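Hi,

Here is the structure I promised to pass on to you. Have a look at it first, and then read on below for my notes.

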Amino acid sequence: MRPARALIDLQALRHNYQLAREVAGARALAVIKADAYGHGAVRCAQALQEQADGFAVACIEEALQLREAGIRGPILLLEGFFEVDELALIEQHDLWCVVHALWQVEAIERSAVRKPLTVWLKLDSGMHRVGLHPADYQAAYRRLLASGKVAKIVLMSHFARADELDCPRSSEQLAVFEQARQGLVAEVSLRNSPAVLGWPGIPSDWVRPGIMLYGATPFEQAQAVAAQLQPVMTLESKIISVRELPAGEPVGYGARFVTERPTRVGVVAMGYADGYPRHAPSGTPVAIDGQRSRLIGRVSMDMLCVDLSDLPQAGLGSRVELWGKQVLASDVAACADTIPYQLFCNLRRVPRLYCEG
Ligand SMILES: *Cc1c(COP(=O)(O)O)cnc(C)c1O
């Protein structure tokens, strides 16, 4: 069998969840949208079920998959409903629902729900993606409460730049939020992973950690709390071929790499069809039998090449970690000009194997 696989460490996942809750001093919805950022939503939810205050997903399809797998407890739909007829399913499956637009307020007012809903009312405090305009926020809140269709409202907003630790924008967004919610007595939820890790002192009854659950830092620079995260996913494979090349020989498609010295080249069963980024350049770190080395040449669909010149012990069958506990996904992402979120979400084809520690 092809040796490429992703190991998912569920103990690390629980550690990171616990860290989020402790650092924030708040209840935490584990964000497991997009198949838990490529880690497998059902397995991750099962692993967190005992511990988690609830879960958050992007859409009702993701929520129903969890309910069908027996996941109980709160599940928040982060974008609410896309179509009005989802409200019946939201009621039936006891889902929590973001309301980010006036048409959704109106739909709830007109709906036939009998069991009052839990709504997270989202304010656009400056990210300008979704969320109610500050001028509409209080009226929307009052309309929802008056509708008789809503039992509880959590006040919510989302930061655009919380990963930039010296940027004043998050404080500005907080001020907009505080202004908009003046006088409303309700629980509050503002913080995603970078805000949990890097922005203490923001009011939080609930936090919404995503990427940090999977053990990757959202920051470009080192950060003390992020350093306590444990990587959950290890993407690994093996060396399937080795060759010795003299100096001056090209390696791989497009001859993007030419050997500068006699070079031992290892070929790894891993490529962009598995989700490894095609744009990772020569020099991107890998670990071979626990020793750091580097990618060389272009990543192809099913294979990539690594430099074994300084690793005489390594050879056919050596284990290669593309990212995990030795090579951080955030470092690979930085080399490939992307973010660990995208690396994880792009995972394909490789089997996921679950382990504890
Ligand atoms: C995805 C998402 C999160 C989680 O963000 P991370 O940066 O992964 O922690 C939190 N809140 C909302 C509204 C989201 O869409």
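The shell around the ligand is made up of eight nonpolar, four polar and three charged residues. Please keep in mind that this is a predicted model.

Of the 15 residues around the ligand, the ones that come nearest are Lys-33, Tyr-37, Ser-193, Ile-211 and Tyr-341. Two helices stand out as contributors: H2 (33-38) and H9 (193-198) each provide at least two residues of that shell.

- Ser-193: an N or O atom of the side chain is 2.5 Å from an oxygen atom of the ligand.
- Tyr-341: here too the side chain is involved, with a polar atom 2.7 Å from an oxygen atom of the ligand.
- Ile-211: in this residue a polar backbone atom takes part, and the distance to an oxygen atom of the ligand is 2.8 Å.

As for how much of the ligand is covered, the ligand taken alone exposes 390 Å², and the protein buries 92% of that.

How many disulfides does a search of the whole structure find? The count is zero. Cys-59 shows why for one case: the closest cysteine sulfur, in Cys-97, is 12 Å from the sulfur of Cys-59, which is too far for a bond, given that a disulfide needs two cysteine sulfur atoms within 2.5 Å. Cys-345 is in no disulfide either, and the nearest cysteine sulfur, in Cys-44, is 12 Å away. Are these two cysteines buried or exposed? Cys-59 counts as buried because its relative accessibility is 16%, under the 20% limit. Cys-345, with a relative accessible area of 38%, is partly exposed.

Finally, some notes on the chain as a whole. The chain has 357 residues, and 57% of them count as buried. Its secondary structure comes to eleven helices and 18 strands. Along the principal axes, the C-alpha atoms fill a box of roughly 75 × 45 × 35 Å. If you take the contacts between residues at least 6 apart in sequence, 66% join residues at least 24 apart. The accessible surface of the chain is about 15500 Å², and carbon and sulfur atoms account for 51% of that surface.

Best wishes

Terms used
Residues are numbered from 1 along each chain as its sequence is written. This is a predicted model: local features need pLDDT of at least 70, side-chain atom pairs count only at pLDDT 80 or more; totals for chains, interfaces and linings use all residues. Side-chain values use heavy atoms; hydrogens and water are left out. A residue is near a molecule or strand if one of its heavy atoms lies within 4 Å of it. A polar contact is a pair of N or O atoms within 3.5 Å; within protein, one must be able to donate a hydrogen and the other to accept it, and residues adjacent in sequence count only if both atoms are side-chain atoms. Accessible areas come from the Shrake-Rupley method with a 1.4 Å probe; for residues, only the protein chains shown count as cover. Helices (H or I, at least four residues) and strands (E, at least two) are DSSP runs, numbered from the N terminus. Ala, Val, Leu, Ile, Met, Phe, Trp, Tyr, Cys and Pro count as nonpolar, Asp, Glu, Lys and Arg as charged, and the others, Gly among them, as polar. Buried means under 20% relative accessible area, exposed over 50%, partly exposed in between (1.4 Å probe, protein chains only). Contact means heavy atoms within 4.5 Å.
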